[in-house]
Amino acid sequence: YYSGMCEQLEAKDSRRMAAKHNRRSYLDYTAQGLYGPKCVIFPSADPQQCGEALFNSPVEGDGTGEEEGHEVDLERSYSSELHLKWLSPPTTVLLIKKINDEEATKRFKEFTSWIVQEKVLSVVAEPAVFSEPQVTEDLTYRAVLSKLATWNEDHSQKEVLKNVDLIVCIGGDGTLLYTATLFPEGIPPVIGFHMGSLGFLTPFQLDSFKSVIDRVLQGDASVTLRYRLGCTIRSPQCLPSLSNHPGDERIKAIEASPSKLKGCMRLLIVNEVVIDRGTSPYLTNLEVSINERLITTVQGDGLIVATPTGSTAYSLAAGASMVHPSVPCMIITPICPHSLSFRPIVVPAGVEILVKVAHDSRSTAWVGFDGRNRQEIKHGESVVVTASPWAIPTINNTGHVTDWFDSLAECLHWNARKQQKPK
């Protein structure tokens, strides 16, 4: 009976969260506070239609991503460019670079020197930078280095990062993925500079950093909102201990603390969550449910649940379609399924996906989040995936459509073919 009650409460909570996401996610991006303390993002097709009121209405809530906000026309929002608007001049820049990379460190010092000395802005860097010899042993850089801020024992990471207005990444797509892990909720606009090879998340060349940053600081910037997924591992160990609550007291105890029924681990991911067989020689046996309804069982090497941004990564390699990052959806892709008819599918962003290791599975499974935090999930445990309201606003080079197709051509040589001779 206790198990059944737990399942009913989890289902009730899931329905409530799914309804909340359906109503709010991907629509409320105009609310102040979602993307740093000083900027908002709005459809550029006709920004006046958004109304000036939204620029002065901060989001109020408990930090769970369930705050109420402003809704804009869905069709117009998805079809138009998005732009950022500074409510007040940005003052603090977070600069993240590829660690222990000579070229990245050289460029980092150029960036910070220019930003601190010429733009007179505060710069925040991660603690690892301050231990690199190329940074600390450069006597000509000492004056700038002394002005850089970071987080430490005296100033927590959350305390320092809450004041960041703009993020600059120097490296590749992996550097930006790492940067996203520093912000479990709202994240300021991100400018990605690549180091030689164009990435899907880093469209800018390093040589043009001054003009790019100047343009963004002036508010002249097109933005792509890259939606993230919220992932929870649900385990029996996460359930409240109710052995001392006989009869109806158990139900009261559960209802008094429904949050305890949620998983032990909650993460936001940018690309994909992967559930696979790990080192086991057996096929996985994964039960896939959408909005509490069992959809199918995966018998194969595993399953990928990807974002539109992640559709050009592992999901693509496993045979799924590429999806533009502005499309609000999730891609479910089997990994080497032992079936001739199991094809990848695309589902709406507002649904809840639950992937459970079947009780009669021959082995356990392993789960990884954007290639990180890999761990084993055992029989009866599950991974719950929902769309997160905390999207990543990445600055575009020319536009959200042009940038994406340029990346397809440059990175994947999409539809590259020798032209047929005319008649």
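Predicted model: local features only at pLDDT ≥ 70, side-chain atom pairs only at ≥ 80, totals over all residues.
A residue counts as buried when its relative accessible area is under 20%, as exposed when that area is over 50%, and as partly exposed in between.

A pair of aromatic rings is described by the distance of the centres and the angle of the planes. The count for this structure comes to six aromatic pairs. One of them joins Phe193 and Phe204, whose rings lie 5.8 Å centre to centre with 45° between the planes, an arrangement classed as tilted. Since Phe193 belongs to strand β6 (residues 190-194) and Phe204 to strand β7 (residues 204-205), this pair ties together parts that are 11 residues apart in sequence. Phe193, at 0% relative accessibility, is buried, and Phe204, at 1%, is likewise counted as buried. Trp414 takes part in another tilted pair, formed with Phe405, for which the centres are 5.8 Å apart and the planes make an angle of 45°. Phe405 is partly exposed, with a relative accessibility of 38%. Ring pairs also link Phe193 and Phe204 with Phe111, Trp114 and Phe209 into a cluster.

In soluble globular proteins, nonpolar side chains tend to be buried together. The largest nonpolar core of the model holds 43 residues, and within this core Phe111, Ile191, Phe193 and Ile213 touch the most other members. Helix α3 (residues 102-117) provides the largest share of this core, namely six residues. When residues up to four places away in sequence are left out, the contacts of Phe193 include Phe111, Val168, Ile170, Phe204, Leu206, Phe209, Val212 and Ile213. Another core, which lies apart from the largest one, consists of 26 residues, among them Val273, Val351, Ile353 and Val383.

A search of the whole structure finds six cavities of 30 Å³ or more, and the largest cavity contains about 110 Å³ of space. Its lining is made up of 14 residues, of which Phe200, Pro203, Arg226, Asn396 and Asp403 lie nearest the centre of the cavity. At least two lining residues come from each of β8 (222-226), β20 (392-395) and α11 (400-412), and α11 gives the most, with four residues.

Definitions and conventions: Residues numbered from 1 in each chain as written. Heavy atoms only, no water. Phe/Tyr/Trp six-rings, centres within 6.5 Å; stacked < 30°, edge-to-face > 60°. Buried < 20%, exposed > 50% of the residue type's maximum accessible area, 1.4 Å probe, protein only. 1 Å grid on protein atoms, 1.4 Å probe; cavity = no way out; pocket = protein on both sides within 12 Å on 5 of 7 lines; lining within 4 Å. Points joined across faces, edges and corners; volume = space filled by probe spheres on them. Core = buried A, V, L, I, M, F, W, Y, C linked by side-chain atoms within 4.5 Å. Contact = heavy atoms within 4.5 Å.
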